[in-house]
Amino acid sequence: MAIDAGTIEFQAKEPAYLILTAPVTLADLDRVFNLYLPFLGSKAYSLYHFLVDEVQAGGDQWGNHYLLLDTLTLSLPDLVHARKALEAVGLLKTYYQAEGVQRGYTYQIQPPMSAKAFFEEDLLAGLLFYYAGEDRFLDLTERYQGRGSQVALGANVQDLSTSFLELFDNPSAKTVRPEVKINEAVKPTDLDLKQTSFDFEAMVALTHGTTAA
């Protein structure tokens, strides 16, 4: 019989394993902080940052959850709520194995969406707008439009930047490059992109720990 995730009582003493599906950069963490934190809350953001740091430092397994709880000063209900919030927006997948070599919890950490994909995703963009407010939403939209800072240069400034061909030979003239296809990053599978309505108040209540676990 399949085990219903809702019937598994969380145990902090259980082993925990970390998997990162792709490297998470500082720019990724910046997007999580600016775009996701307003509706996730600081506890969920801290949990995400902690898990990313641990796995990228080589900590594929950190025994049990007490280090996490002590470092972030989270209670068990806080941890469960923060974990569920990350899962709900596609930043985390949680698996549990009752027996076997890898008994315990496995946390699969997902990189955040690109800013473009985030603002095109109605559920996430709508939640940010709902919780951060119109002014902040518009500020963040402008920030992530990709416009670099404009610095005025004097009239007599010379561009000394080296071009590619000044430093490197033309590689296409010497070799035949095989054709390759790079798959685009998959959007979080937990999001129902076809959903036409969303209860933003319920989501905010869940992410901030005001509903039952």
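The bend at a residue is the angle between two fitted axes, one through the seven residues ending there and one through the seven starting there. This is a predicted model, in which local features need pLDDT of at least 70, side-chain atom pairs count only at pLDDT 80 or more, and totals for chains, interfaces and linings use all residues. Residues are numbered from 1 along each chain as its sequence is written, and side-chain values use heavy atoms, without hydrogens and water.

Start with helix 1, residues 26–40. Helices here are DSSP runs (H or I, at least four residues), numbered from the N terminus. Helix 1 has a kink of about 35 degrees at Asn-34, shortly before Pro-38. Gly-41 follows helix 1, with a positive phi near 95 degrees.

Next comes Lys-43, in helix 2 (residues 42–56). Its relative accessibility is 42%, so Lys-43 counts as partly exposed, a class between 20% and 50%. Leu-72 lies 29 residues away in sequence, yet the C-alpha atoms of Lys-43 and Leu-72 are 8.0 Å apart. Leaving out residues up to four places away in sequence, Lys-43 touches Leu-74, Asp-78 and Ala-82 (heavy atoms within 4.5 Å).

Now move to helix 6 (residues 122–132) and helix 7 (residues 134–143). Their axes come within 6 Å and cross at roughly 130 degrees. Axes are lines fitted to C-alpha atoms over the stretch in contact, with angles running from 0 to 180 degrees between N-to-C directions. The two helices are therefore oblique to each other. Helix 6 contributes Ala-125, Leu-128, Phe-129 and Ala-132 to the contact, and helix 7 contributes Glu-134, Arg-136, Phe-137 and Leu-140.

Note on methods
Buried means under 20% relative accessible area, exposed over 50%, partly exposed in between (1.4 Å probe, protein chains only). Angles under 35 degrees count as roughly parallel, over 145 as roughly antiparallel, 65 to 115 as roughly perpendicular and the rest as oblique.
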